[in-house]
Amino acid sequence: MARYWETGTFSQPSAEELQAKAYASVESAKKKGRLYDPVQPRTARGEICTTWWGQSWCRNLERYADYESRLDRGKRYLRTGTVIDLQIEKGKVEARVQGSRKTPYKVQIRISPLPESRCQEIMSRCSERIENLEDLARGEFPEALKDIFLAEDGFFPQPREISFDCSCPDWAVMCKHVAAVMYGIGVRLDENPFYFFLLRSIDPERLIAKTVDSKVESMLANADVKTDRVMDDSGLDLFGVL
Ligand SMILES: [Zn+2]
């Protein structure tokens, strides 16, 4: 006896069909004056992200068993080019994902702000060296943040800090459209780590101000050292080894 899913009525569209629909949706939005910003991973297989922070975003998602069953499908969906728009705003992500229907699905993901004590931790690490801020401006996450980001209780959100919604009829805890957008966020982080601060509602200006203040402080401290050095120069005990 044939079951309904063997009749072909509910068969999944092929990658080519999805891509053609995605293209049509982007074009139709353009005609209405909306410019979509599609997500395309830079890798063809394996890891979706290329940077350590993008990869650890993905690994953070994969640690949670609740999401496990849908993540692989989400990854494939993203690679097919179905995430045709993804906008990161303070504490939330709005995206459009092309599915089997003509109209793309709307996905919204909300992420809780990072607790203040943890914000302070990032800020003090960043403010240790102005180079950390320069790394960020260049589109790289500072190495100084690596250990605190890779720790088990890291800075990426846990399931209880993430809520999501998709306009598709799938009743699963996490549909493949949401899963695709989750990986899409990793790709955006790969391109620009500043998105992390937006996602977790950390004001980048506060970060910059703290780093610059601390730089001024350390310059003043260095100036004091220099005064000592000058005094030492004139003395006998220059490096404490004579
Ligand atoms: Zn969905």
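How many bridges join β1 and β2, and in which sense do the two strands pair? Here are my notes, starting there.

1. β1 and β2 pair in the antiparallel sense, over 6 bridges. Strands pair if DSSP finds at least two bridges between them. Strands (E, at least two residues) and helices (H or I, at least four) are DSSP runs, numbered from the N terminus. In this pairing, E89 stands opposite K92 in β2. The hairpin of β1 and β2 has 2 residues between the strands, and G91 takes a positive phi near 70 degrees there.

2. A word on the source: this is a predicted model, where local features need pLDDT of at least 70, side-chain atom pairs count only at pLDDT 80 or more, and totals for chains, interfaces and linings use all residues. Residues are numbered from 1 along each chain as its sequence is written.

3. Now zoom out to the whole sheet. This open sheet has 4 strands in the order β1-β2-β3-β4, with antiparallel pairing. Its edge strands, β1 (83-89) and β4 (162-166), each pair on one side only. From one strand to the next, the twist averages 15 degrees. In general, strands of a sheet pair through backbone hydrogen bonds, either parallel or antiparallel.

4. Next, look at β2 (residues 92-97) with β3 (residues 105-111): these also pair in the antiparallel sense, over 6 bridges. You can find V93 opposite I109 in β3, and E94 opposite Q108 in β3.

5. On to a helix pair. α2 (residues 52-62) and α7 (residues 176-191) pack at an angle of about 160 degrees, with their axes 8 Å apart. That makes α2 roughly antiparallel to α7. Angles run from 0 to 180 degrees between N-to-C directions, and axes are lines fitted to C-alpha atoms, for helices over the stretch in contact; over 145 degrees counts as roughly antiparallel. The crossing of α2 past α7 is right-handed (the near helix is turned clockwise from the far one by less than a right angle).

6. Who touches whom? From α2, W53, G54, W57, C58 and L61 meet M182, Y183, I185, G186, V187, L189 and D190 in α7. Contact here needs C-beta atoms, placed from the backbone, within 7 Å. By class, there are 9 nonpolar, 2 polar and 1 charged residues (Ala, Val, Leu, Ile, Met, Phe, Trp, Tyr, Cys and Pro count as nonpolar, Asp, Glu, Lys and Arg as charged, the others, Gly among them, as polar).

7. Finally, confidence. The protein chain averages a pLDDT (the predictor's confidence in each residue, from 0 to 100) of 82. Confidence is highest in β2, at 98, and lowest in α9 (residues 204-234), at a mean of 63. Over residues 229-242, pLDDT stays under 50. Where pLDDT is low, the predicted coordinates should not be read in detail.

Note on methods: Parallel < 35°, antiparallel > 145°, perpendicular 65-115°, else oblique. Contact = placed C-beta atoms within 7 Å.
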